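Hi,

Here is the structure I promised to pass on to you. Have a look at it first, and then read my notes below.

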Amino acid sequence: MGKIVTKEEYVKLKSTFSNQKVGLCHGVFDLVHPGHIIHFEEAKAVCDILIVSVTAAKYVRKGPGRPYFDDEMRLKFLSSISCIDYVMLSEGYTVDDIVECVEPDLYIKGEEYAVAEDDVTGMIDKEVELVREHGGNVYYTQGQVFSSTKLLNRGFSALPPEVLQFSSDFIKRHSMDDIRHFAEKVKDLKVLVIGDVIIDKYTYCSVQGLMSKDMGYSARFKDDEEYMGGSIAVARHLAAFNNHVTLASVVGNEEDRNQRFKKELRSLMKLELIQSNSFPTIVKHRYLQRNQRRDDLHKIFAINNIPDPVELDEKTAVQFKKKIEEIIDEYDVVFLCDFGHGLVDEDIMNVIQDRAKFLALNCQTNSTNYGLNIITKYKKADVFTLDQTELKLAYPFYDMTEENALKKLAQHLGARGWLTRGSMGAYGVEGDMLMQCPAFTLDIIDTIGAGDAFYSVASLYVAAGASVELGMFMGNIAGALATNIVGNKESLEKANVLKYAGTILNV
């Protein structure tokens, strides 16, 4: 048996460690550097047997493209270090599986973890508690602290040059302390999300070719899934950061879906959902093929069940307006997600614009409402987001640049805001000041939902008092993470967002 062992193999070894003190170090260890060697040598000095566990790649929370080295290579690095006795792979976001298997006498961390408040994941206290439940204790080494992330960012081109340049400039004005400060402030805001509920149905298939007697595709069915999108996706992202989210919308009378909403959402947010007997829950059904060599998706065809005409029946519209009028004054922030599918009529617009204490506006263009759902129909907001197509529809002039159009929109709404630009990143605007942020990743699985993630996090930060620039940075972090999630299958996790922010700023 070599130095790299499975948990099952370790259980057999453990019985041979009679009266020997076992120490455990844990981390990503993406790039082994002098700081790690000092840490391991100090750890070995206080125990007889030193175990080092490594977080498996799929559980690393440092953002797209990390870890730089795969599981096998990181395990091999560590196994070659003489003071380490055994190396193990941890299959989880936390170290719980390893602690329960190893039951270390000492859980050994660097001194940077001695202050629990500095750990953005918020897990160090729980890790220490679990170690103590298994009869162990924690020990902090005092060696010089280095950073694998900083070395990778600067020496291995782990970040694109434009991101390195942006981050080097950004940290002159903002720090991780600022980001953590506002992450705390947003928790207690009362947040109301208003907007269309959308079910994103994904049918996965493999295209076999064209039909022999027609011009359509022939494809073999593989499987399908339904994800909760639209305003639900926004509300779920917000619930990762905030403890007081309410979702207000209209849904159809489909019993199975309504039961699912209650089952999966009630623990995250308060639901103010009005059922309509004539207007269905909107379903956008996409047929997709996975790239055989990468994880990205190719969309083949899409259909939806959006009614024609796109408007609520009068009874439901009156009921929904009454509900918004009853509750809107209770909330600090209103997120208006106008997807242009009939929920937000002029009456609702006016109520929200007139009474929202802080309005975060997102008015979207898609194939069903193209040219009909323009953001300039609104009179005011506090912050807004939109994409390049939506801005061009608002100001369709050949001689107007995106920068000038964005400033003009900000003046029209009396608001601050952001233009998301896909692979080119984002612009932010505040008065006459324009700022720019590059895209943080070009490794994309699915772009569906990335704009909603940007909108959610950027707007929430600014609602808590952060600058437009800091909101843009956090929105870009959220958007980058969302492009590596299939559709709206999962929502953002606060720990992942904060960890990725730390990765980008560690330059």
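Let's start with how H8 passes H17: the crossing is right-handed. Keep in mind that this is a predicted model. To find the two helices, look for residues 176-185, which form H8, and residues 494-505, which form H17. Their axes come within 10 Å and cross at roughly 160°. Angles over 145 degrees count as roughly antiparallel, and H8 and H17 are therefore roughly antiparallel to each other.

Which residues of H8 and H17 meet? On the H8 side you'll find Met176, Ile179, Ala183 and Glu184, and on the H17 side Lys494, Leu498, Ala501, Gly502 and Leu505. Sorted by type, the residues of this contact are six nonpolar, one polar and two charged.

H17 has another partner, H16, which covers residues 468-482. The axes of H16 and H17 also come within 10 Å, and here the crossing angle is roughly 110°. Since 65 to 115 degrees counts as roughly perpendicular, H16 and H17 are therefore described as roughly perpendicular to each other. H16 passes H17 in a right-handed crossing. From H16, the contact uses Phe473, Met474, Ile477, Ala480 and Leu481. From H17 come Asn496, Val497, Leu498, Tyr500, Ala501, Ile504 and Leu505. By type, that contact has eleven nonpolar residues, one polar and no charged.

Now zoom out to the whole chain. It has 17 helices and 18 strands. Its C-alpha atoms fill a box of roughly 80 × 60 × 45 Å along the principal axes. Does the radius of gyration agree or disagree with that of a compact globule? A compact globule of 507 residues would have a value near 23 Å, and the chain has 25 Å, which agrees. Buried residues make up 54% of the 507. If you take contacts between residues at least 6 apart in sequence, 74% of them join residues at least 24 apart.

Is Glu314 buried or exposed? Its relative accessibility is 67%, so Glu314 counts as exposed, the cut-off being over 50%.

Cheers

Definitions and conventions. Residues numbered from 1 in each chain as written. Predicted model: local features only at pLDDT ≥ 70, side-chain atom pairs only at ≥ 80, totals over all residues. Heavy atoms only, no water. Axes fitted to C-alpha atoms, helices over the stretch in contact; angles between N-to-C directions. Helix = DSSP H or I, 4+ residues; strand = E, 2+ residues; numbered from the N terminus. Parallel < 35°, antiparallel > 145°, perpendicular 65-115°, else oblique. Left-handed = near helix turned anticlockwise from the far one by under 90°. Contact = heavy atoms within 4.5 Å. Nonpolar A, V, L, I, M, F, W, Y, C, P; charged D, E, K, R; others polar. Rg over C-alpha atoms; globule rule 2.2 N^0.38 Å. Buried < 20%, exposed > 50% of the residue type's maximum accessible area, 1.4 Å probe, protein only.
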